[in-house]
Amino acid sequence: MTNADVVARLYEMAAYLDMTSVPFKPRAYEKAAQLIAALDRPLAEVVAEGGAKALAAMPGVGKGIAERIAEIIRTGTCPDLEELRAATPVDVMALTAIDGIGPKMVKALYDELGVRTVADLEQAARAGSVRGLAHFGEKTEAKILKGIAFLNQHSGRLPLGAVLDLARELEARLGELPGVERAAVAGSIRRRKELIGDLDFLVIARRPETVMDFFVSLPEVTHVYGKGTTKTMVRLNTGMDADLRVVQPESWGAALNYFTGSKHHNVALRRIAIERGYKLNEYGVFAGEQSIAGRSEEEVYEALGLAYVPPELREDSGEIELAKARRLPSLIEPGTLRGDLQIQTTWSDGANSIEEMVAAARARGLTYIAITDHTHGLAMMGTDDAKLAQQIELIRRLNRTLRDFRVLAGAEVNITKDGTLDTSDEILAGLDVVGIAVHSHFDLPRDEQTARVIRAMENRHADILFHPTGRKPGRREAIAVDIDAIIAAAKRTGTILEIDAYPDRMDLKDEHVRKVVDAGVPLVIDSDAHSVAHMRFPDDFGISIARRGWATANDVINTLPVEEFLARLKDKNSPRRRGGAEN
DNA sequence: GCCGTTTTCGGCCCGACTGTTTTCAGTCG
């Protein structure tokens, strides 16, 4: 039982409890699930050391949930969950994953129509029987079908954020095997694509059989499609397929290149090889029978007369031509960010205090962060004007105690339906950094949606447009906005566009970033952290998106020291910017 | 079900929006 398994069951409990309309309990389970998801220690280890008592010592986990977690780790489930499952035997997690479907609707659909699965629901909606239910109508039925279609489109692929850790861990485990000289993850993970279809691993090993035996016996493996001495294919318990290739040292670079792709990039490379009278395959670059390159990727590109192309650019979208001319951009590197401009704390829906987030930021080598809790329009937990004023005061006091670190007072301000902001200009004027964001009215027509966002960007206090398109990869489409118009408005108004690195968002996405870079509009890369564990998102995911969008460090202004960063914001001559929150 | 520098009981939960409704239930963040 991994932490992710426990988290999944806690969320399932919460969903089932929501069906029964019992107050507060669902939120308690959700909160516990959220906190455990952000934990960087295996729960099984916590239990082994301190039992259920150690679990209950964690914030958000009390006696009740601690006992259930211990039971889940032991048996995979717990009696309460089984009882709930028996009462309403439905695939509640899959059904509630459909946008607009929650636990109550799942219950009604089961009670009235016997819907247990997404397939059942699709059938019922197509037959027009959903609209007959109380509180359901034609629009809901249409929305259900739209939501299912969206999920189907993305089936079989998982977001990068859901697979990167596993890929790295398997890569490390393979690399530690005796007799393994090198191990690497290739494929779309290495290119840092946002949706991953399968995992490709590459290994140099003296005795391939040992590696293959180890690979098929991994606890994560649920099925073996095929096992040989050079290639083995398996299915993992995440539902994802994984391939392992064993190659010889002299072919490592060629194989890594071949298995990293993309297919289009590889085709283009092979065409260049043919032009030069060579042959390129996964074993090397060949002049006749003679291998002239293959040990390293650099060697392979060099043999083809090309500069080394970073994996994130290998999409045959112009990188080959620039590699030929040796004019590839010098992409932004992990570890170069100095600030993080979107961070939530316990003042709204975050799990950690301002001080804890500061400590986590410093530990990552950052020198400034902006605290940007939600404003009151987001009613669940937003800060109102009075609370925000209190927070600004607290941040000022905190800054006096900090050396070589600056906390910026900020907010994640809601954009209302008409494009105004839900917080007064007076309050906004007192903040160092104002982030603005869409959190409602996702379905406005394109013209209206675009005009609304641009109007908000025109606010002279609005510094950064957070998660500009509202997308949730694999779950929800972006809001309908004219991205070119947004970029033009950013340029005109001096509004910075954000790459929200939170793996559920990854917004802006790579191709949008490339447009922003081309337009010369500044970007920031933020974590959107809701806990200290999320502080790694910019380096793990945000930088990848920026690199896939051809961004250099110059395009991303939170690579700048804090004063230079602040100078790039709007109304930089206002008193708060000169004096800052330190005074 | 969790929490506690006022509390071991009584707060927590909340507003906007949508789609279904003549007054509100469900979803979302």
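Modeller: The radius of gyration is taken over C-alpha atoms, and the globule rule is 2.2 Å times the number of residues to the power 0.38. This is a predicted model, in which local features need pLDDT of at least 70 and side-chain atom pairs count only at pLDDT 80 or more, whereas totals for chains, interfaces and linings use all residues. Residues are numbered from 1 along each chain as its sequence is written, chains are lettered from A and ligands numbered from 1 in the order in which they are written, and side-chain values use heavy atoms, without hydrogens and water.

Colleague: How do you know whether the radius of gyration of chain A agrees with that of a compact globule?

Modeller: For 583 residues the rule gives a value near 25 Å, and chain A has 26 Å; therefore the two agree. Along the principal axes, the C-alpha atoms of chain A fill a box of roughly 75 × 65 × 55 Å.

Colleague: What makes a space a cavity, and how many are found in the whole structure?

Modeller: On a 1 Å grid over the protein atoms alone, a cavity is a set of points where a 1.4 Å probe fits but cannot get out; a pocket is an open set with protein on both sides within 12 Å along at least five of seven lines, and lining residues have an atom within 4 Å of a point. Grid points are joined across faces, edges and corners, and a volume is the space filled by probe spheres set on the points. Helix H23 (residues 537-548) gives the largest share, four residues; helices here are DSSP runs (H or I, at least four residues), and strands are E runs of at least two, numbered from the N terminus.

Colleague: Which classes make up the lining of the largest cavity?

Modeller: Ala, Val, Leu, Ile, Met, Phe, Trp, Tyr, Cys and Pro count as nonpolar, Asp, Glu, Lys and Arg as charged, and the others, Gly among them, as polar. On that basis the lining has four nonpolar, one polar and six charged residues.

Colleague: What lines the second largest pocket?

Modeller: This pocket holds about 610 Å³ of space. Its lining has 23 residues, with Arg191, Asp200, Phe259, Gly261 and Lys263 nearest its centre. By class, the lining divides into five nonpolar, eight polar and 10 charged residues.
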